[in-house]
Amino acid sequence: MTTDSRPTGADTPPTPDGPDTPTDPGTTQPATTHPAATVSYVYAISRAGSELDAKAAHLTGLEGGPLRTVTCGELTALVSSVPADSYSEEGMRARLEDLSELEAVARTHHAVIEAAYATTAALPMRLATVYLDDARVRSMLHERRTDFGDLLAWLDGHIELGVKIYADPREAAGAPPAAPAPAPASAPVGSGRAYLQQRRAQRRQHRDAYRAAGAVAGTVPDRVSALARARVAHRPQQGELAAGPGENISNEAYLVPVERVAEFRQALAGLADDVPGVQVEITGPWAPYSFATPPTADAGT
């Protein structure tokens with residue numbers, strides 16, 4: 001998957017697991033034993049009677065299929081039908097191992113959720129949330145009606161912003177990347193000493209850049225504490241997921257009231273301008289993927 005085409009909290013989608021019993025948001029229900037050709041893929045949950053019903057008719061889901069809503073009481077789920085074999089436990093495991101397939105599924109999943117959240121408060125479901133049929137979706141909505149209702153009320157009027165801190169020792173050193181060449185065996189003693197001094201200087205620059213990035217990251221929560229309802233610290237991104245300069249050393253998500261987004265960005269503006277080798281990146285706004293579980297007493301951490 002890509003970096004900023006989706007939120008920071010979804011770097012590695014969960015693999016399908018669990019019995020065919022609705023549990024927490026994001027639980028995948030295997031479809032290997034179901035005789036039907038399709039199963040129900042759930043993207044998001046919202047309140048019944050919202051604008052999501054009208055929105056669904058204009059959205060396209062996975063495999064190019066149309067979307068619909070499945071309603072139970074005061075809740076409604078945004079759903080599309082997908083092939084049972086492709087979205088069974090085994091089928092999803094194969095997709096998770098194919099980066100191009102995984103990216104295609106993740107992009108569509110994310111696009112549907114973002115379109116839904118632009119219309120109404122919606123609870124994003126995790127990638128590969130699959131139930132055997134619409135009746136199972138209704139059962140899930142009924143069993144989790146209290147949790148989902150409370151969570152939708154908690155998220156209403158909020159979006160997710162990501163804050164990433166990067167450390168780049170080479171930028172801090174003010175020199176282009178260049179690996180030192182080892183001294184030839186026949187080089188004089190002075191050359192070997194210079195080489196060792198250069199290596200020590202590089203290690204010191206590397207250490208200092210990471211310390212500086214850590215110090216910058218440590219100031220972020222205090223700067224935005226009055227502007228965010230909750231905060232989640234994710235694992236730093238690596239490899240292709242980390243698109244920023246240097247190495248991602250801090251990857252956090254904040255639940256921010258819509259009307260305070262500009263204040264949040266302003267609070268972090270210029271935070272690392274005078275710190276060589278440290279970059280601050282703010283991503284979003286996103287639907288609140290990182291907060292799609294019921295809040296607890298310490299939800300602020």
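Is Tyr41 buried or exposed? Tyr41 is buried, with a relative accessible area of 0%. The model discussed here is a predicted one.

## Aromatic residues around Tyr41

Tyr41 belongs to strand 1, which covers residues 38-47. The structure holds 3 aromatic pairs. Because Tyr41 lies in strand 1 and Tyr87 in the loop between strand 3 and helix 2 (89-97), the pair ties together parts that are 46 residues apart in sequence.

Tyr87 is also buried, at 0% relative accessibility. A further tyrosine takes part here: Tyr41, Tyr43 and Tyr87 form one aromatic cluster.

## The hairpin of strands 2 and 3

Strand 2 (residues 67-72) and strand 3 (residues 75-83) run antiparallel and are joined by 6 bridges. The hairpin that they form has 2 residues between the strands, and Gly73 adopts a positive phi near 65° there. Thr71 has Thr76 of strand 3 as its bridge partner.

Thr76 is located in strand 3 and is buried, since its relative accessible area is 0%, under the 20% limit. The Thr76 side chain comes to 3.4 Å from the backbone oxygen of Val70. Beyond its sequence neighbours up to four places away, Thr76 touches residues including Ala44, Ile45, Ser46, Arg47 and Ala48, as well as Leu52, Asp53 and Leu141. The contacts of Thr76 also include Thr69, Val70 and Thr71.

## The four-stranded sheet

Strands of a sheet pair through backbone hydrogen bonds, in either a parallel or an antiparallel arrangement. An open sheet of 4 strands in this model has the order 7-8-6-9, and its pairing is antiparallel. Strand 7 (230-234) and strand 9 (278-286) are the edge strands, each pairing on one side only. On average, neighbouring strands of this sheet are turned by 20° against each other, direction ignored.

Strand 6 and strand 9 are linked by 7 bridges in the antiparallel sense. Within strand 9, Trp286 stands opposite Glu160. Pro285 is likewise part of strand 9, and the peptide bond leading from Gly284 to Pro285 is cis, with omega near 10°.

Strand 6 comprises residues 158-167, and His158 is found in it. Why does His158 count as buried? His158 counts as buried because its relative accessibility is 9%, which is under the 20% limit.

A polar atom of the His158 side chain lies 2.9 Å from the backbone oxygen of Asp156. Leaving aside residues up to four places away in sequence, His158 touches Tyr117 and Arg229, together with Leu255, Val256, Pro257 and Val258.

Helix 5 spans residues 145-155 and contains Trp154. Trp154 is buried, its relative accessible area being 14%. Along the chain, Trp154 and Phe291 are 137 residues apart, while their C-alpha atoms are separated by 9.7 Å.

## Positive phi in non-glycine residues

Which value does phi take in Glu63? Phi of Glu63 is near 60°, a positive value in a residue other than glycine. Glu63 is placed in the loop between helix 1 (52-56) and strand 2. With a relative accessibility of 48%, Glu63 counts as partly exposed.

Ala128 also has a positive phi, near 70°, and is a residue other than glycine. The loop that holds Ala128 runs between strand 4 (122-124) and strand 5 (130-131). Ala128 counts as buried, at 1% relative accessibility, whereas Glu63 is partly exposed.

Definitions and conventions
Residues numbered from 1 in each chain as written. Predicted model: local features only at pLDDT ≥ 70, side-chain atom pairs only at ≥ 80, totals over all residues. Heavy atoms only, no water. Pairing = 2+ DSSP bridges. Buried < 20%, exposed > 50% of the residue type's maximum accessible area, 1.4 Å probe, protein only. Polar contact = N/O pair within 3.5 Å; in protein donor to acceptor, adjacent residues only side chain to side chain. Contact = heavy atoms within 4.5 Å. Phe/Tyr/Trp six-rings, centres within 6.5 Å; stacked < 30°, edge-to-face > 60°. Axes fitted to C-alpha atoms, helices over the stretch in contact; angles between N-to-C directions.
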